[in-house]
Amino acid sequence: QVQLVESGGGLVQPGGSLRLSCAASRDISSIDVLAWYRQAPGKERELVADITSGGGTNYADSVKGRHTISRDIGKNTVYLQMNSLKPEDTAVYYCYAKVSFGVRLYIHWGQGTPVTVSS
């Protein structure tokens, strides 16, 4: 099992920045995929960004050029740097991990951290 704990959410004005953190309970170098998802009220959960064990990244079209996903292996932490925030970025943000163990695959979710973008 991998426990994921998000932090860094809060209230920010449009155009502002915020950095989310996700601390994992194990060495993240062994995690195949780390990602951030978000879910706004009344909408389905959607992928924001992900990073693979090889360092490759992927972003939703809506956040390309504004957000950056990164990781610190020494701290077992993945980050989402969010810049130029818009009201439509308001959502609960969830950390995600896909881990392989032998021939098995495990999916883990954090509890979420809310982000509100409003003036």
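Strands β1 and β3 are paired in the antiparallel sense, and four bridges connect them. Within this pairing, V5 lies opposite A23 of β3. The structure described here is a predicted model.

The two strands belong to an open sheet of four strands, ordered β1-β3-β8-β7, with antiparallel pairing. Strands of a sheet pair through backbone hydrogen bonds, in either a parallel or an antiparallel arrangement.

## Strand β8 and its partners

Strand β8 pairs with β3 in the antiparallel sense over six bridges.

β7 and β8 form a hairpin in which four residues lie between the strands; in the turn, N76 has a positive phi of about 50°. Is β8 enclosed by the rest of the structure or left open? It is largely enclosed, because five of its six residues are buried.

## The nonpolar core

The largest nonpolar core contains 30 residues, and those touching the most other members are L20, W36, I69, V78, L80, M82 and Y93. Two or more residues each are contributed by β3 (18-24), β4, β5 (46-52), β8 (77-82), β9 (91-101) and β11 (113-117). The largest share, five residues, comes from β9.

In soluble globular proteins, nonpolar side chains tend to be buried together.

Strands β9 and β10 pair in the antiparallel sense over six bridges, with Y96 standing opposite W109 in β10. The two strands form a hairpin with two residues between them, and G102 in the turn has a positive phi of about 65°.

H108 is located in strand β10 (residues 104-109). Its relative accessible area is 7%, so H108 counts as buried. The side chain of H108 reaches the backbone oxygen of V2 at a distance of 3.4 Å. Residues up to four places away in sequence being left out, H108 touches Q1, V2, L4, C95, Y96, A97 and V99.

Y37 lies in strand β4 (residues 33-39). With a relative accessibility of 19%, Y37 counts as buried, because the limit for that class is under 20%.

Which residues are in contact with Y37, leaving aside its neighbours within four places in sequence? They are R45, E46, L47, V48, V92, Y93, Y94, Y96 and W109. Y37 and A91 are separated by 54 residues in sequence, while their C-alpha atoms are 9.5 Å apart in space.

## Salt bridges

The whole structure contains four salt bridges. In one of them, the side chains of R38 and E46 meet at 2.8 Å, N to O. R38 is buried, its relative accessible area being 6%, whereas E46 is partly exposed at 36% relative accessibility.

Another salt bridge joins the side chains of D61 and K64, at 3.1 Å from N to O. D61 is exposed, with 66% relative accessibility, and K64 is likewise exposed, with a relative accessible area of 51%.

R66 forms a salt bridge with D89, and the closest N and O atoms of the pair are 2.8 Å apart. This pair links distant parts of the chain: R66 is in the loop between β6 (57-59) and β7 (67-72), and D89, 23 residues apart from it, is in the loop between β8 and β9. R66 is buried at 11% relative accessibility, and D89 is buried with a relative accessible area of 1%. Through salt bridges that share partners, R38, E46, R66 and D89 are joined into one network.

Key:
Residues numbered from 1 in each chain as written. Predicted model: local features only at pLDDT ≥ 70, side-chain atom pairs only at ≥ 80, totals over all residues. Heavy atoms only, no water. Buried < 20%, exposed > 50% of the residue type's maximum accessible area, 1.4 Å probe, protein only. Polar contact = N/O pair within 3.5 Å; in protein donor to acceptor, adjacent residues only side chain to side chain. Contact = heavy atoms within 4.5 Å. Core = buried A, V, L, I, M, F, W, Y, C linked by side-chain atoms within 4.5 Å. Pairing = 2+ DSSP bridges.
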